[in-house]
There are 2 protein chains.
Amino acid sequence: MIKIVNNPSLEEWTKLIQRPTLETKNLSEFIETLFKEVEEKGDIAIREYAQQFEGIVRVDFRVSESEVAAAKAKCPIELQTAIKTAACNIEKFHSISQSMTETIETTSGVWCSRKTLPIKRVGLYIPGGTAPLFSTVLMLALPARLAGCGEIVLCSPPSKDGKIHPAVLFAADIAGVKEIYQLGGAQAIAALAIGTETVRRVDKIFGPGNQYVTAAKQYASSKWCAIDMPAGPSELLIIADETANPDFVAADLLSQAEHGVDSQVVLISNSPLLAERVQQALTQQIITLPRADIARKALESSLIILFDELKTALDFSNAYCPEHLILATEQAQHQAEFVTNAGSVFIGHFSPESVGDYASGTNHTLPTAGFARAFSGLSTASFMKTITFQELSQQGLLNLASVVETMAEAELLQGHASAVNVRKNFILSNFRNGDQ
Amino acid sequence: MIKIVNNPSLEEWTKLIQRPTLETKNLSEFIETLFKEVEEKGDIAIREYAQQFEGIVRVDFRVSESEVAAAKAKCPIELQTAIKTAACNIEKFHSISQSMTETIETTSGVWCSRKTLPIKRVGLYIPGGTAPLFSTVLMLALPARLAGCGEIVLCSPPSKDGKIHPAVLFAADIAGVKEIYQLGGAQAIAALAIGTETVRRVDKIFGPGNQYVTAAKQYASSKWCAIDMPAGPSELLIIADETANPDFVAADLLSQAEHGVDSQVVLISNSPLLAERVQQALTQQIITLPRADIARKALESSLIILFDELKTALDFSNAYCPEHLILATEQAQHQAEFVTNAGSVFIGHFSPESVGDYASGTNHTLPTAGFARAFSGLSTASFMKTITFQELSQQGLLNLASVVETMAEAELLQGHASAVNVRKNFILSNFRNGDQ
C-alpha cells in the first residue's frame with residue numbers, strides 16, 4: 001500500500017525530505033484584491049465575500065451570548081466533560097510565570113531590563129469544513145488567556161446548518177472567549193487584519209485553515225499584523241523498531257492519513273518484518289474508517305523507509321523535520337534526547353499522536369513543512385512580546401560615551417555621536433562649575 | 001521646522017499613528033523571478049544579479065580567513081576597543097540559561113515537557129551602502145552564538161572599493177562568525193533561503209536591508225525559511241516635559257532623522273515652551289551634521305504633538321507603538337511602567353537612543369511600523385526554538401482514553417479514536433490474560 005525505500009543514500013535524502021509544493025500563483029492576486037476591497041468597503045466587502053463563498057450572510061455576524069448559551073445545551077454531557085478535562089491538562093502545561101523583568105547592570109551606571117507583556121488583542125481562526133475543530137479552540141484560546149491577552153477574538157464559518165458548530169462555541173465559552181464572529185475564509189482573516197466597522201483589527205492572528213486562509217494570513221503578515229506561523233498539511237513520522245506493535249503503528253499512520261489527502265505520513269524502521277506487518281495491519285484497519293477514501297489517497301504518496309541503523313533513522317527524521325514524531329522503539333526515551341528538529345514528540349508505545357491532538361496538555365498547533373527547523377509550536381509565549389528598557393545615570397553616560405562616539409563616527413553617523421556628546425559636555429561643564 | 005499638532009482628538013490619532021506605505025507592487029514580481037532563477041541556476045544566477053546590481057563579481061564569494069585577518073589590521077585600535085566593549089555589554093544582557101526542560105505530569109501517567117534548542121544554521125544579512133553597519137553584526141551574531149547556533153553565516157555586499165568594510169569583518173570575527181560571503185541585496189537573501197552550490201540554505205534569516213532585501217525576506221518566509229521580523233524605516237518617539245533639556249531632545253531627534261529620509265520622528269510634550277526651544281536647537285544643530293540633507297528631509301514629514309497631560313502622551317505612544325521611545329521626563333521611571341507597546345525604551349535625560357544602538361547591551365534590531373504590538377526585539381530566544389515531548393504509561397493511556405475517544409469522534413476523526421482504542425484494548429486484554 002505504501003511505497004518502501006530501502007537504505008536511501010544521503011543524496012536521495014534531499015528528495016525524500018521534500019514536501020509537495022502548492023501552486024499559489026493565482027491565489028495571491030485574489031487575496032490582494034480581497035484585502036483592497038475590505039480596506040475600502042469594510043463590512044460590505046466582508047458580506048459580499050461571505051455570500052459568494054459560503055452562500056450565507058448574517059447581517060450582524062457577531063455571535064450573541066444567548067447563542068453561546070444555546071450551544072452549550074446542544075453539547076452532550078460526555079463531550080462537555082471531555083472538553084473540560086482536556087482544557088485542564090492544556091492549562092496545566094501552558095501555565096508559565098508572567099511578566100518577568102530582569103535588570104542587568106551591563107556597565108557601571110547602565111541598567112538594562114526586559115519585560116514580557118501580553119499582546120493586547122489577538123484573533124483566533126477556527127476552520128469550518130467537514131469536522132468541527134473545537135479542540136483547536138482550546139489550543140489557541142487557553143494559552144491566550146493564560147498569557148493575559150486582554151481581548152480574544154474568535155472567527156469561524158458556519159456549518160451547513162448556517163451556524164457555528166455548538167461544540168466550537170462551548171469550547172470558546174469555557175476558554176473565556178467573549179468576542180465571537182460567524183465569519184470564515186480569507187475574508188475573516190482580512191477583517192481581523194485590517195478591521196471593519198464590526199470587527200476591530202487585531203495585533204496577531206492564530207489558527208489553521210485551507211489554502212485561502214493560509215495565503216490571507218501570509219499576506220496580512222507582510223503589512224498589517226503578526227501571524228502564528230506558516231501552515232501546511234499535517235505530518236507524522238514514526239520511527240519503529242522490532243519491539244513496536246504493528247497494530248499501534250498502523251493506527252497511528254491512519255490517524256494522520258485521515259486528516260486530508262495531502263497529509264504526509266512516513267514510517268522508518270530497521271525491521272523489514274515490522275514494515276511488512278504494518279502494511280498488513282493498514283489493509284485490515286483502513287476499511288473500518290469512515291474517512292477511508294481520504295486516508296487511502298494520503299497513503300499513496302506516503303513512504304516506508306528502511307535503514308539498518310536506528311541512529312540513521314533519527315538523522316533522517318531531524319533532516320525531514322516532522323510536525324509529529326512518534327518514537328515506537330525500545331530505547332525511545334534515550335532517542336528522544338537526540339531529536340533536534342520536530343514539532344512534538346511522542347515517546348514509547350503508549351503515546352499515540354492523537355493524545356497530543358486533544359488532551360495530553362501539549363499544543364497541537366505545530367510547525368509543518370520543515371518549518372520546525374526554526375519555528376516552535378504554540379505556547380503562552382506566542383501570545384506575548386517583550387520590551388527592553390535602559391536607564392543611564394550621568395556616570396553611566398560618561399562610562400559609555402567614548403565607545404558610542406567612536407562606533408557612531410566609524411559608521412558615519414555623526415548625529416548619533418552628538419546625542420551622547422551634548423550630554424557629556426553638559427555633565428562635565430556642570431561638574432566644573434560645581435568645582436569652582 | 002517640524003509640523004506641530006495641538007491636542008489632536010482621538011479620531012485624529014488613527015491618521016497620526018499611520019506610517020507611510022511603501023509601494024511594492026512591481027517589487028514582488030522582480031523577487032519571484034529572482035528566486036526562481038536562483039532555484040534553477042544557483043551560483044550562476046547569484047553572480048548575474050551581483051553583476052547587474054553591484055557591478056562587482058567575485059568568482060569565489062566566500063571570504064577567506066586571511067581576508068578577515070587583513071581586515072583587523074585595517075581597524076584603528078580605538079575602534080577595536082570600542083567594538084569589544086560594546087560586545088561585552090551585549091553579551092552580558094543577552095546571556096540566558098539554555099535548553100531548559102520542564103516536565104509536568106498533566107494527568108497521572110502523562111508526562112509532558114518542553115525543550116529549548118538552538119536553531120542549527122542561521123543567516124545574518126548586513127547591508128552595505130553609505131555606512132558600514134558593524135554594530136548590527138554584533139547585535140545579530142552575539143545572540144546567535146549565545147543561543148548555541150552551530151552554523152552562523154554572514155552575507156554582506158562590498159563597499160565601493162570592492163570589499164566588505166574591514167570593521168564589519170572585524171566585528172564578525174570577534175563575534176565568532178566563521179562563514180562569511182561577500183554577497184548583497186535580494187540575491188543574497190535568495191541564496192540563504194534556497195541554497196546554492198556555494199551557500200548552503202539556512203533555517204532563519206536575520207538583519208535589516210533596503211526594500212529589495214525586505215521584500216526578499218518576506219517572500220523567503222512564505223516558503224523556504226523563517227525570518228526575524230518585518231522591517232521598515234527606523235522610528236523614534238520622544239515624550240518630553242518641561243524638565244527636558246532642549247539640546248538633548250534636538251540631538252536625539254536628529255540622531256534618528258539622519259538614518260534616512262524615510263525615518264519617522266515624533267516629539268510629544270505638554271510644554272509649548274519646550275517644543276519651541278527644541279525647534280530652535282534643531283535649527284542650530286542640524287547645520288553641524290554631515291548628513292544634514294537627509295535629516296532635513298526626514299524632519300519635514302515629522303511631528304511635534306502637544307498634549308495637556310503626559311498621561312495622554314503615553315496613551316498616544318502606546319497607540320503609535322514606536323520602535324524607540326525616549327522618556328525625557330521628571331517621572332520617567334514611573335511612566336516606563338505604563339509602556340505597553342514599544343521596541344526599546346530609554347528612561348530619563350541621560351539615556352539617548354544612540355547608547356542602545358551601540359553599547360548599552362540591549363538589542364537594536366527592533367520591530368518598526370507598529371509591529372511592536374505583537375513582535376519583540378531580537379534576543380537569544382530569536383535564535384532558538386522549542387520542541388514538546390509527551391510520554392504516557394499504560395495507566396496514563398487508560399486515564400486519557402475516553403477523553404480522546406469522545407473528542408475525536410465528535411470531530412468525526414475515527415482514526416484518531418482508533419489509535420487510542422487499539423492500545424486500550426491491548427492493555428485491557430493483557431490485564432485480563434494476566435488475571436487468568
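1. Across the interface of chain A and chain B, 66 residue pairs are in polar contact, both residues being at pLDDT 80 or more. A polar contact is a pair of N or O atoms within 3.5 Å; within protein, one must be able to donate a hydrogen and the other to accept it, and residues adjacent in sequence count only if both atoms are side-chain atoms. By class, the side of chain A that touches chain B has 57 nonpolar, 40 polar and 21 charged residues. Here Ala, Val, Leu, Ile, Met, Phe, Trp, Tyr, Cys and Pro count as nonpolar, Asp, Glu, Lys and Arg as charged, and the others, Gly among them, as polar.

2. A note on the basis of these values. This is a predicted model, in which local features need pLDDT of at least 70, side-chain atom pairs count only at pLDDT 80 or more, and totals for chains, interfaces and linings use all residues. Residues are numbered from 1 along each chain as its sequence is written, chains are lettered from A and ligands numbered from 1 in the order in which they are written, and side-chain values use heavy atoms, with hydrogens and water left out.

3. The size of an interface is often given as the accessible area lost when the parts come together. Between them, chain A and chain B bury about 10300 Å², and 59% of this is on carbon and sulfur atoms. Buried area is the accessible area (1.4 Å probe) that two parts lose on being put together, summed over both. Chain A gives 118 residues to the contact and chain B gives 118 residues, where contact means heavy atoms within 4.5 Å.

4. Four salt bridges are counted between chain A and chain B. A salt bridge is a side-chain nitrogen of Lys or Arg within 4 Å of a carboxyl oxygen of Asp or Glu. A:Arg373 forms a salt bridge with B:Asp203, with 2.6 Å between the closest N and O atoms.

5. Strands also meet across the two chains. Strand 14 (residues 384-392) of chain A and strand 13 (residues 344-347) of chain B run parallel and are joined by four bridges. Two strands pair if DSSP finds at least two bridges between them. A:Glu391 stands opposite B:Ile347 in strand 13 of chain B.

6. Next, chain A as a whole. Its secondary structure comes to 17 helices and 14 strands; helices (H or I, at least four residues) and strands (E, at least two) are DSSP runs, numbered from the N terminus. The C-alpha trace of chain A spans about 95 × 60 × 45 Å along its principal axes. Of the 436 residues of chain A, 60% count as buried. Buried means under 20% relative accessible area, exposed over 50%, and partly exposed in between (1.4 Å probe, protein chains only). Among contacts in chain A with a separation of 6 or more, 73% are between residues 24 or more positions apart.

7. Where does A:Val59 lie? A:Val59 is in the loop between helix 3 (43-54) and helix 4 (65-74) of chain A. A:Val59 counts as exposed because its relative accessibility is 67%.

8. Over all chains the structure holds 28 salt bridges. One of them joins the side chains of A:Glu151 and A:Arg200 (2.9 Å, N to O). A:Glu151 lies in strand 5 (residues 151-156) of chain A and A:Arg200 in the loop between helix 8 (185-194) and strand 7 (204-206) of chain A, so the pair ties together parts that are 49 residues apart in sequence. A:Arg200 counts as partly exposed, at 48% relative accessibility.

9. In chain B, B:Arg145 forms a salt bridge with B:Glu91, the closest N and O atoms being 2.2 Å apart. B:Arg145 is in helix 6 and B:Glu91 in helix 5 (residues 77-94) of chain B, and the two are 54 residues apart. B:Arg145 is partly exposed at 35% relative accessibility, and B:Glu91 is partly exposed at 24%.

10. B:Glu179 forms a salt bridge with B:Arg121, the closest N and O atoms being 3.0 Å apart. Are these two residues buried or exposed? B:Glu179 counts as buried at 12% relative accessibility, and B:Arg121 is buried at 3%.

11. Five strands of chain B form an open sheet in the order 6-5-4-7-8, with parallel pairing. Strand 6 and strand 8 (226-227) stand at the edges with a single partner strand each, so one side of each is left without a neighbour in the sheet. Within the sheet, five bridges join strand 4 to strand 5 (residues 151-156) of chain B, and B:Gly123 stands opposite B:Val153 in strand 5.
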